[in-house]
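Here is a short note to read beside the coordinates. Please take the points in order.

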Amino acid sequence: MAIPAPDTVGVPSGAGAPASGAPASGRAVVRDLLRRPGAAIAVGVLGLIGAMALAAPLLAGLTGWDQYSFDPSAIDSYSGGLPRGGWGGISGDHWFGVEPGNGRDMFMRIAYGARVSLAIAISATVLTTTVGVVLGTLAGYFGGWVDTGLSRAMDFLMAFPALIFMIALLSALPGGNRPVLLVLVLSVFGWPYTARVVRGQALSLRNQEFVEAARASGASRWAIVFREVLPNLRGTIVVLATLAVPSYVATEAGLSFLGVGVTPPTPSWGQMIASAATWYAVDPLFLVIPGAFLFATVVAFTVIGDHLKSILDEGAVH
Amino acid sequence: MVGYLVRRLAACVIVLAVVCVFTFMIFFWFSPDPAAQICGKTCTPDRIAQIRANLGLDQPFLEQLRVFVSGLFAGRDWGTGADAMHCAAPCLGYSFQTNESVTDLLIDRLPVSVTLATGAAVLWLLVGVLGGLVSAVRRDSLWDKGVLAFGLVGISLPIYFLALVLQYLLVVKLGWLPFPRAVPFTEDPVLWFESYLMPWVVLAIVYAAMYSRIVRSQVIDTLEQGFVRTARAKGLQRHLVLRRHALRPSLTPVVTLFGMDFAALLGGALITETVFGLDGVGKLASDSMATNDQPVIMGVTLLAALLVVVANLVVDISYRFLDPRVRRGTP
């Protein structure tokens, strides 16, 4: 359940990690996943969104627009800048319409916004997963003062009013490289949720027979961690990471919505929804289009995470 | 128990102290100079220096921190002579923007946030817990599928998006509800209800979705455990098994979650309040952040931290009553 407490934008709550069975082969898991219709559709949706993000510069060449340039001919200045022709200005020229007020192409802003949103969410996931797995394994496997120290740090970060603090921090740092700053801030408060689950699993693995056998046969501590413990945590880690991505997508969008995330003119979906707040009554599509993309991305990741969890839980892999 | 309480309280104080110091550090080292902001564009260096001195911003970091903390416990005096004023403890200073006392501002705004959070919490607990429970008991039924779909959609809807869409449909298009604003109950109960209805529902949908997912998976886990099977094997009726054996262990984790979520919302549902323009603590936070109004940001951050920390404490203590395994010290 790596979904943030909704209005605390927040950080994933790491409830519900899968039970760690025998490590399943990655290919078998993927095959099982794609056999489930819901998951297959989600993979397809994410594939499309991912392709759109990657191909944004190519698409810009194709449509003849980029994410920044204004198109005064697409908006009607007599009506205060509403897109011409209704329906948010959707036309052969502007596939998703234009932004009211300045006529920037929505399709390009969505595509480039996807790059920003996904890049931030995936970087934060990679960072928190790495830190969380390393520190969680250390705490769980080695125990003792290492565990005490790390667990205190995790408790502390999780008891922290993270959202308010993130916003205070981001608003106090007006300049800087926003995406990098966002990744760092998300990660600082995000890693304990991975680490806590990994710690619990490592703790239970420590006393399993195969680990004891390895220890008895004289394997070094590090060899045990890398060859025995970590491979058994693979399923858990994959599920946690898959469910962390949508929570970071949503958090980044929330922070950008509040005006402390990605700053204009760089597009981000949350920021686009925020600017739609002043227009939605007269141009609802300006709100609906970025909202739909954000929603689809979060749903798709969550569906895949849920299915992965249930596949690994059931051990339904042959 | 007493030793435990003392340890827990000490931990709370440490969290609060760290939040306080960290927030102070951010302002001290990273934030744009508030004196220059107050002074405006036509400003001389002398004038900036004077403002900095008036606000105490010319002092070194530790001295500013000391003054702030002693203000919290003992109050502070500002200015000298005829202009002197006393700010009683807990003194959080005065807003750079409006010169109002931050403590008064918070007390002023808190009722709106409490109303919003309480109404939403009642709704989401009802819907989330009942939905998840029935869903787990009638697994794979049509109801279960409905709850699962609701859970998935609800947790994936960004709250501001849902809020704006509902506002568009219910207020702009259909005209069934007025634009929300923070009307006190005593002023106009009907308008009060109509104003808060949409914010309550929006918050409740998103949280209920999350709770229904968690309750469902918790109850399913519990129903598969040994003691529940034993109870069933003894021939105990289904609903009694559920009520006497399965319910309590599955709902204790929900208590933790609820404590945290509710406290966080009391300290300001930032997004919901901002989108709907409700003047609660959350709106105060986002407004003060937009204007870099440091004393106010400091105040809301500390209040939020205090609420979360207290909620954690209450949850931990209530755990000892809810879950006998915790009491015996065998987690």
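1. Domain bounds here come from an automatic or database domain assignment. The model is predicted. On that assignment, chain B is divided into domain 1 (20-87) and domain 2 (106-328). The C-alpha centres of domain 1 of chain B and domain 2 of chain B lie 38 Å apart.

2. Next, how the two domains of chain B meet. Seven residues of domain 1 of chain B are in contact with five residues of domain 2 of chain B. On the domain 1 side of chain B, α1 and α2 (34-39) each supply at least two of the touching residues. The most come from α1(B), with three residues. By class, this side of domain 1 of chain B has four nonpolar residues, three polar and no charged ones.

3. Now chain B as a whole. Its secondary structure comes to 14 helices and two strands. The C-alpha atoms of chain B fill a box of roughly 85 × 60 × 35 Å, taken along the principal axes. Of the 331 residues in chain B, 38% are buried. Take the contacts in chain B between residues at least 6 apart in sequence: 65% of them join residues at least 24 apart.

4. How many residues of chain B are in contact with chain A? There are 49, and they meet 44 residues of chain A. Several helices of chain B give two or more residues to this side: α1 (2-29), α6 (142-156), α7 (159-173), α8 (189-223), α10 (238-266), α11 (270-276), α12 (281-290) and α13 (294-322). Which of them gives the most? That is α13(B), with eight residues.

5. The residues of chain B that touch chain A divide into 37 nonpolar, ten polar and two charged.

6. Last, the nonpolar core. The largest one has 163 residues. Which residues have the most contacts inside it? They are A:M166 and A:I167. Leave aside the neighbours of A:M166 within four places in sequence. A:M166 is then in contact with A:V185, A:F189 and A:L255. Those residues are the place to look when viewing A:M166 and its contacts beyond its sequence neighbours.

Conventions: Residues numbered from 1 in each chain as written. Chains lettered and ligands numbered in written order. Predicted model: local features only at pLDDT ≥ 70, side-chain atom pairs only at ≥ 80, totals over all residues. Helix = DSSP H or I, 4+ residues; strand = E, 2+ residues; numbered from the N terminus. Nonpolar A, V, L, I, M, F, W, Y, C, P; charged D, E, K, R; others polar. Core = buried A, V, L, I, M, F, W, Y, C linked by C-beta atoms within 7 Å. Buried ≥ 20, exposed ≤ 12 C-beta atoms within 10 Å, placed from the backbone.
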